[in-house]
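Have a look at it first, then read on.

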Protein chains: 2
Amino acid sequence: MVFRRHLFRKVVILGTGLIGGSVGLALKKNELAAKIVGTSRHEASLKTALTMKAIDEAEMDLHKAIAGADLVILAAPAKVILENIKDIARHLRRDCIVTDVGSTKGLIVAAAEKHFPPHVLFVGSHPMAGSEKSGVANASADLLKGASVIMTPTAKTNKLAKDKVKHLWTKLGADVKVMDPDKHDEVMAFVSHLPHLTAFALMRAIPDEVLGFGSTGLKDTTRIAASSSKMWGDICFSNYRNVLKSIDEMAKSLAELRRAIVDKDEATLTQYLNQAKVKRESLDKKQG
Amino acid sequence: MVFRRHLFRKVVILGTGLIGGSVGLALKKNELAAKIVGTSRHEASLKTALTMKAIDEAEMDLHKAIAGADLVILAAPAKVILENIKDIARHLRRDCIVTDVGSTKGLIVAAAEKHFPPHVLFVGSHPMAGSEKSGVANASADLLKGASVIMTPTAKTNKLAKDKVKHLWTKLGADVKVMDPDKHDEVMAFVSHLPHLTAFALMRAIPDEVLGFGSTGLKDTTRIAASSSKMWGDICFSNYRNVLKSIDEMAKSLAELRRAIVDKDEATLTQYLNQAKVKRESLDKKQG
């Protein structure tokens with residue numbers, strides 16, 4: 001039996017932001033990679049990643065970075081991931097495993113299956129970690145501990161790649177779930193994208209001059225409105241149809257609430273609020 | 001100089017719920033009241049308040065309870081406070097100070113000024129404390145520590161009552177602000193009522209079957225949707241006009257967001273999200 005110290009020899013992280021940096025730190029902490037190379041469009045981000053030891057080597061040139069890699073993790077915003085896929089597709093070595101950390105999966109999985117040659121083994125991933133903070137400076141080796149990672153293999157996904165990437169996320173402390181890419185995007189539109197967009201919209205609706213009177217309720221409901229506007233703009237477009245559907249449901253829900261108030265219909269209003277309350281309470285139970 | 005151990009001899013708390021119970025506990029901890037009598041429509045709540053020593057005596061009969069009181073705190077939901085005012089108005093002793101803890105102030109202050117005879121000294125208060133939890137069982141002597149209390153005196157308010165009630169809240173650790181009752185309701189519609197109603201509406205918009213995939217973002221944005229549906233229904237009606245105005249602003253804000261996505265207008269969308277982000281970040285700075 002051959003002793004292999006590391007699960008991967010050369011891991012390349014394309015995009016050393018909050019998630020990419022955290023994955024780098026976690027890979028090193030768990031000794032899963034012999035060498036980690038990071039790339040970024042932002043030199044400052046690469047430098048910080050090096051200083052924090054989230055990566056062993058920094059490289060601005062994608063093709064140089066991925067040479068000989070056995071695992072490539074696409075960790076840029078969704079829009080850049082789509083460009084990265086096209087850019088690196090013909091330059092990956094045989095049997096290189098590729099995964100990503102994009103918050104939407106439909107377009108990314110479709111692009112990967114279209115552009116990667118058969119000898120490149122792609123499987124989509126979405127680590128549901130992170131916060132309103134962004135950037136590698138906020139990265140942590142423990143970011144994925146206890147988080148869910150949704151993997152989105154399809155009928156075309158290589159089984160070895162699927163197993164190895166699942167093993168990787170599990171080793172980093174995450175709880176892996178498997179979902180169809182389109183189903184993933186539909187679900188995320190409601191449980192993640194809509195809450196974020198609602199928080200942004202709520203901030204916009206509140207007049208500046210009264211903001212200072214806000215208490216913990218306002219702070220909690222809008223904490224995620226401090227998230228990266230670039231990333232969330234990107235998510236809106238990369239999950240266009242589902243995001244619009246979720247916004248429409250929210251508008252409908254607000255209109256129902258408004259109607260009960262306008263009608264001074266106490267029974268309907270109490271029922272509306274109470275159903276929401278019971279649903280919210282079930283959320284805590286569901287997730288322990 | 002006469003030594004007076006307590007600020008008040010007999011304090012009566014009408015409504016021993018989360019806030020009423022917490023005020024009772026805090027009054028006792030700070031030795032501000034020689035005796036505290038509590039009333040409630042719910043016998044179980046009164047019993048718990050007694051067991052927790054939030055009150056010294058329990059009394060179901062309002063008129064008996066308030067006899068000889070030098071401070072009465074109206075701590076029931078807004079709708080009940082309005083009934084309590086009419087009910088006790090002619091039974092309070094001369095120079096009795098009355099305040100309340102209602103989340104809306106316009107109707108309550110108007111009712112108090114209409115029904116209380118001139119020898120009863122009323123001043124409105126809104127302790128901005130509490131959480132999605134309700135009931136005396138969740139009460140705490142420290143609930144008001146560091147919280148804001150908005151007092152809403154008018155031209156008719158007795159100065160002694162204003163000073164004494166301000167002194168009371170300050171002694172309980174709160175930061176007292178003063179505002180016109182109608183202005184208070186306008187401000188609260190945006191910084192408190194709208195965030196709560198948005199959280200309820202968001203819970204309603206999310207299909208049951210996907211709820212289990214929600215992460216911390218969803219949990220934080222909707223935590224306050226577990227608040228008392230009865231209390232929030234009550235707030236909607238007692239701040240009717242302002243609440244509707246705030247819901248309309250939210251609907252407009254969501255519609256603008258939707259428009260930018262439909263138009264695939266990246267510049268507008270990014271600007272929208274970024275303005276919300278900057279505003280949210282200013283909120284943390286404003287409140288330290």
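Which residue of chain A comes closest to the rotation axis? That's A:T221, with its C-alpha at 1.9 Å.

## Before we start

This is a predicted model, so to speak of local features we need pLDDT of at least 70, while side-chain atom pairs count only at pLDDT 80 or more, and totals for chains, interfaces and linings use all residues. Residues are numbered from 1 along each chain as its sequence is written, and chains are lettered from A and ligands numbered from 1 in the order in which they are written.

## How the copies are related

Turn chain A by 180°, with a shift of 0.0 Å along the axis, and it can be laid on chain B with an RMSD of 0.0 Å. That is the relation of a two-fold axis.

## Where they touch

Here 70 residues of chain A are in contact with 70 residues of chain B (contact means that C-beta atoms, placed from the backbone, lie within 7 Å). On chain A's side, α7(A) gives the largest share, 16 residues. Because 100% of the interface residues of chain A are also interface residues in chain B, the copies meet through the same surface.

## Inside chain A

Chain A is assigned domain 1 (8–179) and domain 2 (184–286), with bounds from an automatic or database domain assignment. Their C-alpha centres lie 31 Å apart, and 14 residues of domain 1 are in contact with 14 residues of domain 2.

Definitions and conventions:
Contact = placed C-beta atoms within 7 Å. Helix = DSSP H or I, 4+ residues; strand = E, 2+ residues; numbered from the N terminus. Least-squares fit on C-alpha atoms with pLDDT ≥ 70 in both.
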